[in-house]
Structure formats: C-alpha cells, structure tokens
Amino acid sequence: MNGTVGSHDMITKFTSRVLSASALLILATATVSFGQAYPRWFLDPGDLSCGLVAAGFSATYYHASSSDSAAFVDACTNLSRRHYMELTGGEAYWTTEAGVAWMGNDFTVKTDSAFLRGVVSHGTKLGSCVCGQMTVVLVGESGCDIPDSMRFLVECPASEPGWVENIPQGGSFIYAEGVAPHYYYESSSWESAEKSALFSLARSIKVSMEALQKMNGGSGQEIKNEQVTVTLGNVQVVR
C-alpha cells in the first residue's frame with residue numbers, strides 16, 4: 001500500500017498535536033515468548049526516527065494475505081491510540097481470611113473512529129514479518145526509511161526484562177507494564193499482555209474504588225471493585 005500526499009499531510013499535522021502534549025505515555029508489555037525472534041522495529045518502534053509509526057500483529061493464518069491485513073489494521077489501531085484513546089472498565093477482588101482472590105476484569109477501549117479510518121485508508125506498510133505463529137506489520141508515513149539495524153531479528157531472552165521488576169520512572173513519561181503467560185496462540189499472549197498494561201496505565205492515572213464488607217462473628221469478607229475512566233493521548237507500545 002502506497003501513501004498519498006493527503007495521508008502525509010494528515011499524519012504531519014497530527015504529529016504536531018502530539019508533540020505539543022504535556023506528557024508522553026509509554027505502554028510496556030512483556031510476554032513469555034522465550035526463544036522467539038521478532039524484527040527490532042516490532043520490539044522497539046520508538047527507536048525509529050521517522051516520527052509517527054506503530055507496529056501491530058495477528059495470528060498467522062493459512063492465507064498469508066489475511067494475516068497481513070489483520071496485522072495492518074492492528075498497527076493502524078495502535079497508531080490511532082496515539083491520537084486519542086478512552087479506556088473504561090473495572091477490576092474486582094474478593095478478600096477472605098484465606099487471602100485475596102482476583103475475580104476478573106472487564107474494560108473497553110475507544111479510539112477516534114474517523115481518524116482510524118483515515119490511517120487504514122492512507123497509511124503505509126513499512127515492514128512485515130511472519131514470525132512463527134504470528135505476523136507483525138509496521139505502519140507509518142510513506143517517506144519513512146527503516147535502517148538495516150532495525151530490520152534484524154532479535155531473539156527474546158530466556159529471562160524477563162529488568163523493567164518487569166523495576167518500572168522506569170521520571171521525566172515526562174508515564175510507564176505501565178503488562179505480563180501474560182504463553183498461550184497456545186502466540187498472538188493471544190501479546191494481546192493479553194497489552195490489555196493488562198493498558199489497564200495498569202489507566203489505574204496509575206485515575207481509579208475509583210468501591211468495597212462491600214460482610215462480617216460473620218469473628219470472620220469477614222470484602223469484595224473490592226476498582227473502576228477507571230480515563231482519556232489518554234500519545235500512547236506508545238514498547239515490548
């Protein structure tokens with residue numbers, strides 16, 4: 001897919017809006033994919049000097065074109081999240097004398113649908129890779145040149161990244177992380193980790209809590225519900 005002058009103008013204007021924002025939100029994800037290799041531009045898209053870019057992924061289907069199209073749309077969705085994203089949802093816990101049990105979460109993510117359609121229609125696919133059971137795609141401006149150093153395949157290490165235990169702090173960046181087990185479908189692991197990181201990011205900005213307590217003699221129970229509704233901008237994914 002080739003970019004057009006119209007799409008370049010749209011993305012350039014949008015970049016100006018992003019750079020004028022007061023804070024940059026960084027979304028960090030980790031998944032148990034030891035031994036798997038991905039292009040460096042998929043793991044560290046922020047290292048590209050092209051400005052507005054985003055990577056996406058999909059399960060690898062029998063028809064390669066289907067995988068490529070799904071990964072392209074996912075990358076466009078991630079790109080649109082840098083423009084605008086609203087996250088609403090909650091998470092619940094049940095506390096008893098035996099300990100704390102996680103009851104689950106449910107949240108939705110909304111983006112600017114008109115902006116997303118524009119990116120899907122005019123965005124440029126800068127790179128793609130079939131990495132085992134997953135297909136990854138990089139989307140950005142048509143004039144972006146991906147250096148060879150960003151095209152190399154990087155193998156995931158056998159140990160988790162250091163930032164899993166020590167999330168970076170400081171500056172104008174807000175970091176959050178998400179972790180997921182290694183599911184049968186590799187793309188499910190990445191998707192679960194990103195959703196977890198999104199919710200963690202939203203919780204770090206604003207969260208409201210409700211609790212229901214029940215006492216019975218000397219024992220008690222508590223159900224705690226955390227609710228978040230936040231609007232985010234310039235959300236980027238690093239893996």
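Trainee: Which strand gives the largest share of the lining of the largest pocket?
Mentor: S5 does, with 6 residues. A pocket here is an open set of points on a 1 Å grid over the protein atoms alone where a 1.4 Å probe fits, with protein on both sides within 12 Å along at least five of seven lines, and lining residues have an atom within 4 Å of a point. Strands (E, at least two residues) and helices (H or I, at least four) are DSSP runs numbered from the N terminus.

Trainee: Before I go on, what kind of model is this?
Mentor: A predicted one, where local features need pLDDT of at least 70 and side-chain atom pairs pLDDT 80 or more, while totals for chains, interfaces and linings use all residues. Residues are numbered from 1 along each chain as its sequence is written, and side-chain values use heavy atoms, without hydrogens or water.

Trainee: Back to the pocket. Where else does the lining come from?
Mentor: S3, helix H3 (64–81) and helix H5 (186–205) join S5 in supplying at least two residues each. The lining has 18 residues, and those nearest the pocket's centre are Asp 74, Arg 81, Glu 191, Glu 194 and Lys 195.

Trainee: What does Glu 191 form with Lys 195?
Mentor: A salt bridge (a side-chain nitrogen of Lys or Arg within 4 Å of a carboxyl oxygen of Asp or Glu). The closest N and O atoms of Glu 191 and Lys 195 are 3.5 Å apart. Both residues sit in helix H5, and because they are 4 residues apart, about one helical turn separates them.

Trainee: Glu 191 and Lys 195, then: buried, partly exposed or exposed?
Mentor: Glu 191 is partly exposed at 40% relative accessible area, and Lys 195 is partly exposed at 44%. Buried means under 20%, exposed over 50% and partly exposed in between, with a 1.4 Å probe and protein chains only.

Trainee: How many salt bridges does the structure hold?
Mentor: It holds 2. One of them joins the side chains of Asp 68 and Lys 125, at 2.8 Å from N to O. Asp 68 lies in helix H3 and Lys 125 in strand S6, so this pair ties together parts that are 57 residues apart in sequence. Lys 125 is partly exposed, with 32% relative accessibility.

Trainee: New topic, the core. Which residues have the most contacts inside the largest one?
Mentor: Tyr 38, Trp 41, Phe 42, Val 136, Leu 138 and Ile 146, in a nonpolar core of 20 residues. Such a core is a set of buried Ala, Val, Leu, Ile, Met, Phe, Trp, Tyr and Cys residues joined through side-chain atoms within 4.5 Å.

Trainee: What about Met 103?
Mentor: Met 103 belongs to strand S5, residues 99–111. It counts as partly exposed, at 48% relative accessibility.

Trainee: Last one. Where does Val 237 lie?
Mentor: In strand S12, residues 235–238. Val 237 is buried, with a relative accessible area of 11%. Val 237 and Leu 79 are 158 residues apart in sequence, yet their C-alpha atoms are 9.8 Å apart in space.
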